[in-house]
Every structure is written in C-alpha cells, then in structure tokens.
Amino acid sequence: MSRYWSPVVAGLSPYVPGEQPKMANLVKLNTNENPFGPSPKVLAALRDACDDALRLYPDPGSDRLRQTIARHFGVSLPQVFVGNGSDEVLAIAFQALLNHDAPLRFPDITYSFYPVYCGLYGVRYETVPLTSDFRIDVEDYLPAAGTAGGPILFPNPNAPTGRALSRAEIERIVAGNPDAVVVIDEAYVDFGAESAVPLVARYDNLLVIQTLSKSRSLAGLRLGFAIGSTALIEGLERVKNSFNSYPVDRLAAIGAAAAIEDTAYFEFTRSAVMQTRDALTAALREMRFEVLPSAANFVFVRHPARDAAALAAALRERGIIVRHFSHPRIAQFLRISIGTAAECDTLVHALRTILA
C-alpha cells in the first residue's frame with residue numbers, strides 16, 4: 001500500500017480475471033473464449049484498415065458500427081451505445097444509471113465484477129440469493145406492494161452457473177419495476193438463451209448489454225455495446241464523453257462491424273459450440289457429475305465424491321486448465337469452457353483417468 005493512494009483505491013478488492021497461463025500444449029478451458037477464430041471477413045477488413053488512416057482519431061460516435069448494430073437488431077441509431085468491451089459499457093452504466101438512493105440488486109452468485117464496480121463507484125447494493133438449484137427466481141426481483149425497488153442487474157444466462165431466464169420471465173421483472181433501471185448482461189446469450197433486446201421497444205427502463213468477445217470470437221479486440229431507450233443511451237454517452245471521447249479505436253470498430261455482418265459464420269460457430277457443449281454434458285453426466293442446465297459456452301459442474309479444487313489441480317497437472325471459484329456456495333463446482341471437440345475429448349479422457 002502506498003501513502004499516495006486515495007481512500008477509494010486503498011479499500012478496493014479488484015476483480016481477478018481468468019488465468020492466462022504461458023504453458024505449451026495447453027488445453028485452456030478457463031476463460032470462456034470461443035474455440036473458433038474470428039470470421040475470415042473480420043481478418044480481411046482489419047488488414048485493409050491497416051493504412052495511413054491510423055494516424056487519425058477514430059469517429060467518436062462510432063457511427064458506422066452503431067448503424068450496423070442497429071440494423072442487425074432492428075433498432076434506431078440513437079438506441080445503440082458502444083464501448084471498449086462490455087466491461088467498460090457496464091462500468092459506464094454503473095455511473096450513469098445504477099447509482100441511486102435505493103440499493104442495486106443482483107444475484108449472490110453472478111459475475112464477480114459487479115461488487116468491484118460497486119466499490120469503485122460507491123454504489124450501495126444488495127445480493128439476492130439464487131434458489132437451491134442455482135436459478136434466478138423472478139419473484140425475488142418484484143417489489144413488494146406499495147414499495148419501489150432499486151435498480152436491477154444480472155447476466156442472462158447467469159455466470160458462472162450458465163442458467164438462463166426466458167424472455168417472458170425477464171419481461172415480468174422489467175414490467176414489475178417501472179421506476180427502476182433493469183440491466184441485462186447478455187455476454188453469453190447467443191449460445192441458447194433468448195435475448196431481451198425485443199423488449200426495449202416496450203420498456204424505457206431496460207438496458208441490454210452484449211459483447212463480441214464470446215460468440216463473435218473477438219475477445220482480443222475488446223468491443224461491447226448496449227441497446228436501450230434513447231434516454232438511457234444519452235445517459236451513457238454523457239458519462240463516456242466526460243472521460244474518454246474515443247473509447248472504440250478505428251480497427252475495433254471496423255472489425256466489429258464485419259463480425260456482425262457475417263451472420264453465416266456466426267451461426268456456424270455458435271451451433272458448433274452448442275453441439276460440443278451438449279456432447280460434453282452427456283459425457284460428464286456418465287461420470288456422475290452434476291451439470292447445471294447451460295445456455296452459455298461453458299458448463300458448471302460438480303462431482304458427488306470428488307473435491308473440486310483437487311480435480312482442478314489434477315487436471316492442471318495434465319495440462320488442462322478449468323476455473324474454480326472459492327465462494328462458499330459454489331466451492332465444489334468447476335466452470336468448464338467449451339473448447340473444440342478434440343479439447344473436450346481430452347478433458348473427458350483425463351477426468352476418466354483421474355476418477356478411476
């Protein structure tokens with residue numbers, strides 16, 4: 001600790017990202033990256049964009065990219081906001097929309113960046129326990145009669161559990177909290193869940209955030225976006241333009257637009273990931289693992305007779321990395337990202353050896 005730190009910094013418990021180990025011949029199943037590379041059209045667009053124009057600042061409004069997103073989702077340009085990864089979009093939303101007198105509500109088991117942002121921006125919050133089978137219960141997010149609840153935030157599908165709510169269930173939450181902002185973090189929605197974007201046309205208190213890191217294979221490019229009412233988007237823009245008018249660089253905007261436009265490649269890769277997920281789920285259940293229903297590009301599993309941390313360590317000895325969390329409720333679970341079919345076969349073979 002330095003005596004020059006501010007009180008805010010001294011009190012922070014920073015987010016710990018998934019490990020990026022430097023090991024040869026590694027089977028890396030710990031950070032939910034897409035096992036397929038980006039669309040070839042993205043790579044071609046990036047090569048074409050590497051020219052003298054890089055000496056110029058990018059468009060501060062990222063208008064071409066926002067138009068591409070608006071067209072893809074059937075919304076208007078002023079309903080789209082873009083940022084340097086969905087984490088940055090979330091950070092801006094915390095400042096612009098989620099810091100109110102009433103505490104922010106999100107699940108007790110969820111994306112662990114949420115409480116970090118609360119600490120950084122001084123946002124009061126309450127965690128809402130998941131059910132015993134790790135579901136989000138809609139009733140828990142409906143305010144009691146005569147009361148107004150605070151803002152709401154959760155991923156759909158939830159992370160790290162992978163369980164998803166239907167669009168109808170999300171609508172109940174949004175409609176039931178007309179005086180509060182509801183933010184749905186859809187980082188994994190393309191792997192089997194229903195997006196809440198169609199609800200934006202009917203509810204001005206709904207903000208939906210997505211990323212190109214997962215289903216578009218662009219984790220290294222850092223591009224996220226939000227879709228909501230023009231008033232919510234204006235709030236995000238006001239915060240963004242108060243600290244960085246150019247969060248999305250020229251190459252990221254061009255590559256992201258190309259990825260969104262290549263729907264054929266997107267459909268092919270996400271279908272392949274879902275098929276591999278289903279095959280891995282079946283194999284894990286044959287080994288007596290409990291596998292939570294997943295609509296994401298990962299599975300959340302535990303074994304009735306084996307310690308999760310010990311399993312993770314044994315896999316690591318074999319060059320296979322998975323994610324283990326220390327939260328008491330999920331300390332016996334492992335989160336396993338969906339890799340290629342060959343990588344998942346390697347995982348299954350290793351687990352059979354370890355369990356034997």
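At what angle do the axes of helix 2 (residues 40-49) and helix 8 (residues 250-261) cross? The legends below take up this crossing and two further close-up views of a predicted model.

**View A. Crossing of helix 2 and helix 8 in the predicted model.** The axes of helix 2 and helix 8 cross at roughly 150° and come within 8 Å of each other, which makes helix 2 roughly antiparallel to helix 8, given that angles over 145 degrees count as such. The crossing in which helix 2 passes helix 8 is right-handed. Helix 2 contributes Lys-41, Val-42, Ala-45, Leu-46 and Ala-49 to the contact, while helix 8 contributes Leu-251, Ile-254, Gly-255, Ala-258 and Ala-259.

**View B. Surroundings of Lys-214.** Lys-214 lies in the loop that runs between strand 7 (206-211) and strand 8 (224-228), and an unreviewed UniProt entry places the feature "modified residue: N6-(pyridoxal phosphate)lysine" at Lys-214. Lys-214 counts as buried because its relative accessibility is 14%, with buried meaning under 20%. Apart from neighbours within four places in sequence, Lys-214 is in contact with Thr-31, Asn-32, Asn-34, Ala-187, Tyr-188, Phe-191 and Asn-297.

**View C. Arg-316 in helix 10.** Arg-316 belongs to helix 10 (residues 308-317) and, at 37% relative accessibility, counts as partly exposed. When residues up to four places away in sequence are not counted, Arg-316 touches Glu-19, Met-23 and Ile-321. Leu-236 is 80 residues from Arg-316 along the chain, and the C-alpha atoms of these two residues are separated by 41 Å.

Terms used: Residues numbered from 1 in each chain as written. Predicted model: local features only at pLDDT ≥ 70, side-chain atom pairs only at ≥ 80, totals over all residues. Heavy atoms only, no water. Axes fitted to C-alpha atoms, helices over the stretch in contact; angles between N-to-C directions. Helix = DSSP H or I, 4+ residues; strand = E, 2+ residues; numbered from the N terminus. Parallel < 35°, antiparallel > 145°, perpendicular 65-115°, else oblique. Left-handed = near helix turned anticlockwise from the far one by under 90°. Contact = heavy atoms within 4.5 Å. Buried < 20%, exposed > 50% of the residue type's maximum accessible area, 1.4 Å probe, protein only. UniProt positions renumbered as here; feature names shortened; annotations may be inferred.
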